[in-house]
Amino acid sequence: MTDHLTDGSPAATPRAGGNAGMSSEYLEIRDLRVTFDGFKAIDGIDMTLMQGDLRFLIGPNGAGKTTLVDAVTGLAPASGSIVKSGVELVGKKVHHIARLGVGRTFQTASVFEELTVLQNLDIAAGASRGPLTLLRKRKSVLPAIEEALEVTGLGALRERKAGVLAHGQKQWLEIGMLLVQNCSVLLLDEPVAGMSGEEREETGRLLQRIGGERTVVVVEHDMDFMRSFATSVTVLHAGKVLSEGSVAHVQADPKVQDVYLGTAAGGEEIEDARAH
Ligand SMILES: Nc1ncnc2c1ncn2[C@@H]1O[C@H](COP(=O)(O)OP(=O)(O)OP(=O)(O)O)[C@@H](O)[C@H]1O
Ligand SMILES: [Mg+2]
């Protein structure tokens, strides 16, 4: 692949809040494979993710996007190599990978609905004060939690139960929980699914705010959202990398158009993209 990101030519152009520190490699994935009963869900993937990258991972249903996130976070058994800042992740347990600063969200929100925003962040921060003290109102808030409240815009809602938050706010809380866990690599599985247009915009800006010093991978079907916020894109198809580079590059790639033309909505999206 001539314009693969590993050939030294960054495909992404710098943008506000985006790839500020694209100098150090954060995640190096090599020949990654995940097999379920002989079915190759991930079939030899190479990917290099840099600090400051806001990488979108797209591809048709069943392409292997979630499985890739599962493999990176230790939930799916993988072979090959995933190195984060010199440390091999393949073979490590889920909690160990999390402690190394790799965090993810799921396609469905997984906050504690009966607890407040603050209590959810407390738990994520590992402020282990026992279940009873946790339920009492705490007097001081950890600086990392204050920062997460600020950056996610949830400060005014800190005492609100997570269960009554709007859909978008729950996703932002989940992202806040990754921030207080000190994640430097965040993998977000369809974070804007079900969100209003306004919530999508806000989420995009949130990702740009947190992205500068971190590596953010966004699995997404929303092409408009991708066009607005991606600094680089990887297209997966049948467990392999089909195309990779800037938004303009992957949209113009005939291989990508072929795959998306196979699905009505995707075809329109890519056609629409060509018209821009
Ligand atoms: N635990 C599992 N056991 C068996 N097959 C699985 C398992 N998890 C995923 N698969 C299969 O692996 C392939 C990739 O699935 P995956 O969920 O990674 O796709 P995806 O790209 O995230 O799709 P979507 O856009 O629909 O979320 C699919 O064919 C799926 O059926
Ligand atoms: Mg998925």
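**View 1. Polar contacts of ligand 1 with the protein.** In this predicted model, a polar backbone atom of Gly 64 lies 3.0 Å from an oxygen atom of ligand 1. Ala 63 also takes part through its backbone, with an N or O atom placed 3.2 Å from an oxygen atom of the ligand. Thr 66, by contrast, uses its side chain, a polar atom of which is 2.9 Å from an oxygen atom of ligand 1. The ligand taken alone exposes 640 Å², and the protein buries 61% of that area.

**View 2. The shell of residues around ligand 1.** Two elements, strand S2 (39-50) and helix H1 (65-72), each give two or more residues to this shell, and H1 gives the most, with three residues. In total 14 residues surround the ligand, and the closest are Asn 61, Gly 62, Lys 65, Thr 67 and His 221. By residue class, the shell consists of seven polar, five nonpolar and two charged residues.

View 3. Helix H5 spans residues 143-152, and its buried residues are Ile 145, Ala 148, Leu 149, Val 151 and Thr 152.

Notes
Residues are numbered from 1 along each chain as its sequence is written. Chains are lettered from A and ligands numbered from 1 in the order in which they are written. This is a predicted model: local features need pLDDT of at least 70, side-chain atom pairs count only at pLDDT 80 or more; totals for chains, interfaces and linings use all residues. Side-chain values use heavy atoms; hydrogens and water are left out. Buried means under 20% relative accessible area, exposed over 50%, partly exposed in between (1.4 Å probe, protein chains only). Helices (H or I, at least four residues) and strands (E, at least two) are DSSP runs, numbered from the N terminus. A residue is near a molecule or strand if one of its heavy atoms lies within 4 Å of it. A polar contact is a pair of N or O atoms within 3.5 Å; within protein, one must be able to donate a hydrogen and the other to accept it, and residues adjacent in sequence count only if both atoms are side-chain atoms. Accessible areas come from the Shrake-Rupley method with a 1.4 Å probe; for residues, only the protein chains shown count as cover. Ala, Val, Leu, Ile, Met, Phe, Trp, Tyr, Cys and Pro count as nonpolar, Asp, Glu, Lys and Arg as charged, and the others, Gly among them, as polar.
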